[in-house]
Amino acid sequence: MTYSAPNAFTTRPTLQGTFGMTASTHWLATACAQAVLERGGNAFDAAVAGAFVLHVVEPHLNGPGGDMTGVFVTASEPDAPRVMMGQGPAPQAATIDHYRSEGLDLVPGSGALAAAVPGAVDAWLVLLRDHGTWELPDVVSFALGYARDGHPILGRVVATIGSVATLFTEHWPTSAAQWMPNGHLPRAGDLVTNAAWAKTLDRLLAASADSGAATREGRIDAARREWRVGFVARAIVNFARAPHRHSSGTDHAGVIALTDLAGFEASIEEATTVVFRGHTIAKTGAWGQGPALLQTLMILEGFSDAELDPSTALGAHTILEAQKLAFADREAYYGDADVPLNYLLSAEYAATRRALITEQSSPELRPGIVPGRSPYLPVLRTEYTTEALARQGAGASAGVGEPTVAAPTRAAHTQTEPETLSTGELRGDTCHIDVVDRWGNMISATPSGGWLQSSPTIPELGFCLGSRLQMTWLEPGAPSALTGGKRPRTTLTPTLVLKDGRAVTALGSPGGDQQDQWQLLYLLRTIIGGYTPQQAIDAPAFHSTSFPGSFWPRTWEPGGAVVEDRLGEAVIAELEQRGHRITRAGDWALGRLSAVTRDPRTGLLQAAANPRGAQGYAAGR
């Protein structure tokens, strides 16, 4: 049995060159980041510029009030992968008792009670300060121009606004004013502006310029201080105090305070790594879901290459079963706490988990046993409706969650808005950007949260707060229980791959719980199958839904798996015979991967981007 050959046809070429490469989920961010490289900036200057553009041009997928994580190496330390940690914690007043007293049994999926301390902007500025070379005004000039002068709005942004139009007009008037001026939806391709965000950027730049700091780093820190303790922090706290509609169908005030914003600073951490088939895979710690991919790889390491072919029924079954085991451990043990990662990532533990995989799909949630620990078992819901929502109808919760892909017949796996979309239609969810420069600096970063449907727009600032706290539980003792000052277990999970002590690939994908599942397919096809980056991105994708979702209302589908139809009738039929509950998503619906690569021996650079949705793009030379 041999590994399936890649399709000779690719939707785009795998770009090749030696100067610099950029790939992202929006062509404007890619173009701006590449422009920075062309003007002498390094990969970190370029990534920050592109990320600020993503805040403007993909507002349904991320925003300044959200979060980000990145994993990177520098040219001076190519063997030392590090994590850019931009995940803010829960406010100190965000306690289980308070949320329970508000009549909630889950953290809502939208509204200020779901908001962690915004972390994205501070993280990008720390990255620029510590590893970039450009001044702040030059880096944000691209985003400032699009916010002030306009950019052509995506059809998917318009569709998102349309799906929450009633919520905006009836409950979130400041959002309606920003996204539906004079009560009208924009049309795809219209030039839209965000004057309030442009003004916010101008004020941050003024604080930087007026600080009197003698160094580039000092001027960047001055902008950071204005964000954390100045006008931005004050506007956030003042606005969040007003009660407003949440996904629960009820009204609540936020609990974020000035001390929460002042107390958070983004940081750089060591990456968590494992070795798979001679490649080192670098991810975040267990305050994110990244180690679930590492656990999956450790389980799969014990199988033959032929058993890990995603294009076959045997390979897809093996991969799905391994992922379910790893994600069960994510639910049982991960959080911003003392997580026994050394044991969970050990070869010995992986062997015990591997032994559970049989020829048939398991519909059970099966966390492993860690010595001295009791696995947390979450409430397993296959459906969820609050009394308030039952009275008002499902449309009241339209702004929740992190959208992925709508199913044609059942939508439980999306953990998002209730509207039914046509087969295979993409939902937006998160952004991603990868950059590599000619010196060997490389970064993979996933900004998210603070999307326009997360909570009401703060009119003074031009953005809204995120809703990452929906990934916490209101059950004491859960490893990811809601706790003031603790980070929610984020789904943001970029990936860096090293070979022989040198970074060779930066990749990532939007997709909530699916991010690591889709990235796994890329890793298997490139590392084992020898696919080019574009071949791996184009290849048929699938993912499991057989574990509780990270997004409100935290439901699951026992034994569920979502597949692209291009996987093939015979493969899909055999997966069903093995017991998988298959949802077909259409031919081109799953995965929004992008990637850049570097061959340390020759300096050859490559880039590729997702064709699904006709939005992601790569550039380079």
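Biologist: What is the volume of the largest cavity?
Modeller: The model is predicted, and local features need pLDDT of at least 70 and side-chain atom pairs pLDDT 80 or more, whereas totals for chains, interfaces and linings use all residues. Residues are numbered from 1 along each chain as its sequence is written, and side-chain values use heavy atoms, with hydrogens and water left out. The largest cavity has a volume of about 170 Å³, where volume means the space filled by probe spheres set on grid points that are joined across faces, edges and corners.

Biologist: Which residues line the largest cavity closest to its centre, and what makes a space a cavity and not a pocket?
Modeller: Among the 18 lining residues, His55, Pro59, Trp179, Asn194 and Gly462 are the closest to the centre. On a 1 Å grid over the protein atoms alone, a cavity is a set of points where a 1.4 Å probe fits but cannot get out, while a pocket is an open set with protein on both sides within 12 Å along at least five of seven lines, and lining residues have an atom within 4 Å of a point. The structure holds eleven cavities of 30 Å³ or more.

Biologist: How much space lies in the largest pocket, and which element gives the largest share of its lining?
Modeller: The largest pocket holds about 550 Å³ of space, and helix H18 gives the largest share of its lining, four residues. Of the 22 residues that line this pocket, the closest to its centre are His279, Val504, Thr505, Thr597 and Arg598.

Biologist: What makes asparagine 441 count as buried?
Modeller: Its relative accessibility is 8%, and buried means under 20% relative accessible area (exposed is over 50%, partly exposed in between, with a 1.4 Å probe and protein chains only), so asparagine 441 is buried. Asparagine 441 lies in the loop between strand E12 (433–437) and strand E13 (442–448).

Biologist: Why is the pairing of the side chains of asparagine 441 and aspartate 437 called a polar contact?
Modeller: The distance between them is 2.9 Å, and a polar contact is a pair of N or O atoms within 3.5 Å (within protein, one must be able to donate a hydrogen and the other to accept it, and residues adjacent in sequence count only if both atoms are side-chain atoms), so the pair qualifies. A polar atom of the asparagine 441 side chain also lies 2.8 Å from the backbone nitrogen of alanine 75.

Biologist: How do you know whether histidine 26 is buried or exposed?
Modeller: Histidine 26 has 1% relative accessibility and therefore counts as buried. This residue lies in the loop between strand E2 (20–24) and helix H1 (27–38).

Biologist: What of asparagine 182 and aspartate 500, buried or exposed?
Modeller: Asparagine 182 is exposed at 76% relative accessibility, and aspartate 500 is exposed with a relative accessible area of 70%. Asparagine 182 has a positive phi of about 60° although it is not a glycine, and phi of aspartate 500 is near 55°, a positive value in a residue other than glycine.

Biologist: What makes these phi values stand out?
Modeller: Most residues other than glycine have a negative phi, and most peptide bonds are trans. As for peptide bonds, the one from tryptophan 552 to proline 553 is cis, with omega near 10°.

Note on methods. Helix = DSSP H or I, 4+ residues; strand = E, 2+ residues; numbered from the N terminus.
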